[in-house]
Structures are given as structure tokens and as C-alpha cells.
Amino acid sequence: MTTLISPPVDGPAPVTGAVETEAGPQRAEAILSGLGDRLVVLVGMMASGKTSVGRLLGQKLGLPFVDADHEIEVAANMSVPEIFAHRGEANFRSGERRVIARLLQAGPAVLATGGGAFMAEETRRAIAERGVSVWLKADAATLHRRARRRSNRPLLQTDDPEGTIRKLIDLRYPVYAEANIVIESEDGPHEATVEAVLTALHAYFAKAPAGS
Ligand code: S3P
């Protein structure tokens, strides 16, 4: 697992760091103090582990966990596949932008976003203002292996889901790369990814002035 931390704008150079394993109250305190009232926002492809990692991360930091797709479903009173089927993707995307803008007002928290959310410039800007973004990066084969277990993703209902994932990766990875922190997580338990995120957040706030 590798961790890449991008600097805040005008900040110090990016660092690549080995993952350390010790958790600890001091590390959590330093992260919480750096975060202030902002949110840790997980971005990345479908099946990259945003929801599972986000939930665990929230527990470790003592922060509420919020899942954007779930909140969109509550707001629409429909599941994500139903919204796609009955209202279309464009409608889903505008609901997604609105819901995420609202969720970003309520920090501190950990927020998992749907795979397409960070592609909207407006949403990226709002996340940059109100959060620290963490991209959970994985390759197509890993994502496909994980995504196969569930059939609730409308964009993957194609004849060649792995090919679809590859196309989305080509489009999205250059944009996801704008995230403040990149965690490469090919496989293994979610606990290891959470550990890497905590280490990266700690290093990020150590380099960035509080509240930046
Ligand atoms: C999507 C990802 C899904 C969900 C919707 C569209 C995407 O969320 O928002 O099916 O465009 O990648 P997950 O990333 O949580 O699967």
C-alpha cells in the first residue's frame, strides 16, 4: 500500500510515506484538530471501499459517518438504481450535487461519495472548501473483482463490466488525482486501508497549517 499526500495549494512538496501501524489517541487528536469543522471526504471508483473504509475511519476518529448515496436515496425516496431507471443519470447527478453540497455543511464528519461525484467541478470546489479529499485508488481488476459481488450499480450493467470500469478509470483518474491525499489499496483488509488513511491524514495536517 502506498500513500501519496498532495500539498495544500501553495503548501510544501508532496511526500510518499510508508504505512505505520500504530494507532493512537494522539494521532487522532492531531487529525481532529487539523480538521476543525471540515470533513474527510472519500472519493474514488465504485467498489474502491469508500463506504466500508469511511465507516471504520469514522469509528476510529469518533466522527459521524455519512454516505452520500444513502442520503440521495433518502432524499429521493428511491434506490440509486430506481433513480437511474425512472429519472435518468442526469437527474441523479443533479441530486448528487445538491445533496453533497448540503452534507458538506455539517462537519466534522467522514463522508463517502459515489464514484461519479468528484467529476462535477462544482462538487470538487465545494469539497476543497469544506473538506480534505482522500482518493482510494485501485486497479480495474481489483475493482471488478469486488464489484462483481453486488449488482446495484447501474453503470456496470453492461456486457463487459471490467471494460466499462477501464473506460471510467481512463476518464476519472486524472480528475481523482486532484484529491489532497491518494491511498493505493489494491487488496487486503479494509483495516489496513484505514490505517493508511489515518497515517496520511496525520502527515497532511502536520504539513498544513490548521484550517487550511
Ligand atoms: C456511481 C457510483 C455509485 C453510485 C452510482 C454511480 C458512479 O456509488 O453513486 O451508481 O458513477 O461511479 P459507489 O461509488 O458508492 O458505488
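Residues are numbered from 1 along each chain as its sequence is written, and side-chain values use heavy atoms, with hydrogens and water left out. Because the model is predicted, local features need pLDDT of at least 70 and side-chain atom pairs count only at pLDDT 80 or more, while totals for chains, interfaces and linings use all residues.

Around the ligand are 13 residues, the closest being K50, D69, R93, R153 and R172; a residue counts here if one of its heavy atoms lies within 4 Å of the molecule. This shell divides into 5 nonpolar, 3 polar and 5 charged residues, where Asp, Glu, Lys and Arg count as charged, Ala, Val, Leu, Ile, Met, Phe, Trp, Tyr, Cys and Pro as nonpolar, and the others, Gly among them, as polar.

Some polar contacts (pairs of N or O atoms within 3.5 Å) can be picked out. An N or O atom in the side chain of R153 lies 2.7 Å from an oxygen atom of the ligand, and for the side chain of R172 the distance to a ligand oxygen is 2.7 Å. G116 takes part through a backbone N or O atom, 3.4 Å from an oxygen atom of the ligand.

Turning to charged pairs, the structure holds 9 salt bridges, each a side-chain nitrogen of Lys or Arg within 4 Å of a carboxyl oxygen of Asp or Glu. One of them joins R27 to E195, with the closest N and O atoms 3.0 Å apart.

Conventions. A polar contact is a pair of N or O atoms within 3.5 Å; within protein, one must be able to donate a hydrogen and the other to accept it, and residues adjacent in sequence count only if both atoms are side-chain atoms.
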